[in-house]
Amino acid sequence: MKPNRNTRNSLLIIFFAITAVIIIICYRNYSPGKKGSGKETTSYDIAFLSNTSQISASASNFQAYHGVSVISEELGKNFNTYFVPSDSVVIQQTAAISQNSPANIQKEPVYKNEDSASVGRAGYSEMIQQAVNDGARLVICPDSSYAETLYSIQKDYINTYFILVDGVPHNSDHSDQTINYNVIPISYDEAEIGFLAGYALVYEGYTSLAFIGDSRASGVVHYGYGFLQGANYAARECNTANVDICYYYAEDTADAEQMAQKFYSSKIPVITATGDDIIKPLTEIASKQNAYLVSCGNYHDFYEESDYLIALSYKDIAASVANTVKNFYANDISGGKTITAGTGDNWIGFVYDNEKFSRFSLDVYDTVYRQLAEDKILLISDTTVSVEDLGLTNVTIK
């Protein structure tokens with residue numbers, strides 16, 4: 001017996017009703033984040049993970065935040081800021097901060113989470129999980145302290161992308177650096193940054209210098225190698241027969257301070273140093289010795305005033321992050337490989353006190369910068385190469 005038309009219509013109505021219910025349930029349970037999360041998402045675009053309880057408390061944190069703030073308004077994207085720990089205040093920020101140059105970046109606005117007393121890597125996974133559950137498609141991790149966490153969780157979030165500033169995902173002993181398709185690391189050409197500092201000082205006429213690194217980590221050695229090669233290059237250009245450089249990697253801040261005292265006492269007029277923890281104490285030592293300091297690779301000093309901190313060779317984190325976010329939304333970038341930021345992208349630079357430099361000028365700087373950007377100057381940054389094999393013809397290391 002065939003069903004009549006009314007029966008068929010009733011069955012169709014029931015079928016479509018059941019189908020609609022299933023679709024609604026599936027839609028409500030869908031999340032673009034972690035597999036099987038089953039969380040309902042909110043509607044926003046970017047999550048920024050602050051590595052401190054106050055945006056301006058960390059240099060890389062502030063610069064990365066600045067870049068995201070500017071580009072998000074340009075693209076019409078909104079973003080949430082998450083502080084450590086994960087249950088802290090979430091700030092919705094869509095207003096842009098004016099961006100001109102790194103030297104003009106101000107400390108304000110300052111966003112602070114009063115409940116966050118400390119920063120711990122244990123909170124990073126929780127922050128990422130919260131951001132993904134809230135629906136973030138793009139998560140900004142502002143420094144290398146997130147590298148180990150991303151290494152562990154990068155394959156768990158199949159539709160979320162991560163921008164990792166100044167680092168590469170790695171395991172606990174750094175023996176593996178696997179980058180999943182959804183991670184976009186930004187690294188910086190530390191050798192070029194060091195080169196600019198060494199070149200400027202020798203071109204200015206200094207023939208007795210010192211370099212202090214805050215550790216023997218490969219990135220710090222890259223700065224040092226670049227510094228030596230920059231000094232040598234300028235000496236050859238200026239027909240300076242020899243430049244003496246005291247070259248040292250400190251064990252800790254106290255060790256760096258002790259060596260700085262020794263170098264200044266031996267009448268070395270300028271020390272170039274790298275490492276967030278040692279710049280401020282070394283600047284204070286320089287002021288007491290009536291000598292000078294150059295910061296290499298540090299960014300927070302753009303808004304620290306000192307008559308003795310005469311130049312900064314820096315990473316333009318704000319510009320590099322903004323550009324990477326812009327390319328991500330233009331589908332003009334792919335994850336799984338590291339972006340190296342350097343002179344070719346205009347993402348590193350050197351700023352200096354005009355009153356302390358007379359021979360080294362903007363024209364000289366532009367010329368050597370262009371030569372680096374066009375690969376007319378090739379640098380050795382391989383740390384397996386010894387200092388003696390850098391080809392330093394006009395530099396003597398002490």
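Tutor: A nonpolar core is a set of buried Ala, Val, Leu, Ile, Met, Phe, Trp, Tyr and Cys residues joined through side-chain atoms within 4.5 Å. Keep in mind that this is a predicted model.

The largest such core has 73 residues. Those with the most contacts inside it are Ile140, Leu209, Val321, Val325, Phe350, Phe357 and Phe360. Take Phe350. Leaving aside residues up to four places away in sequence, Phe350 touches Leu196, Ala197, Ala200, Val294, Ala311, Leu312, Ser313, Tyr314, Phe357, Phe360 and Tyr365. There is also a second, separate core of 21 residues. Leu282, Ile285, Ala286 and Leu309 are among its members.

The axes of α7 and α8 (residues 276–289) come within 10 Å and cross at roughly 25°. Angles under 35 degrees count as roughly parallel, so α7 is roughly parallel to α8. Their crossing is right-handed. On the α7 side, the contact is made by Thr253, Ala256, Glu257, Ala260, Gln261, Tyr264 and Ser265. On the α8 side, Asp277, Ile278, Pro281, Leu282, Ile285, Ala286 and Gln289 take part.

Now turn to a strand. In a regular strand the side chains alternate between the two faces of the sheet. Strand β1 (residues 46–49) is covered on both faces. Ile46 and Phe48 are buried on one side, and Ala47 and Leu49 are buried on the other. Four bridges pair β1 with β2 (residues 79–82) in the parallel sense. Three bridges join β1 to β4 (residues 138–141), also running parallel. Ala47 takes part in both pairings: its bridge partner is Asn80 in β2 and Val139 in β4.

Two loop residues deserve a stop. Most residues other than glycine have a negative phi. Lys267 has a positive phi, near 75°. Lys267 lies in the loop between α7 (253–265) and β9 (270–274). Is Lys267 buried or exposed? Exposed means over 50% relative accessible area, so Lys267, at 71%, counts as exposed. Asn346 also has a positive phi, about 60°, although it is not a glycine. Asn346 sits in the loop between β12 (339–341) and β13 (348–352). With a relative accessible area of 53%, Asn346 is exposed.

Methods
Residues numbered from 1 in each chain as written. Predicted model: local features only at pLDDT ≥ 70, side-chain atom pairs only at ≥ 80, totals over all residues. Heavy atoms only, no water. Buried < 20%, exposed > 50% of the residue type's maximum accessible area, 1.4 Å probe, protein only. Pairing = 2+ DSSP bridges. Contact = heavy atoms within 4.5 Å. Axes fitted to C-alpha atoms, helices over the stretch in contact; angles between N-to-C directions. Parallel < 35°, antiparallel > 145°, perpendicular 65-115°, else oblique. Left-handed = near helix turned anticlockwise from the far one by under 90°.
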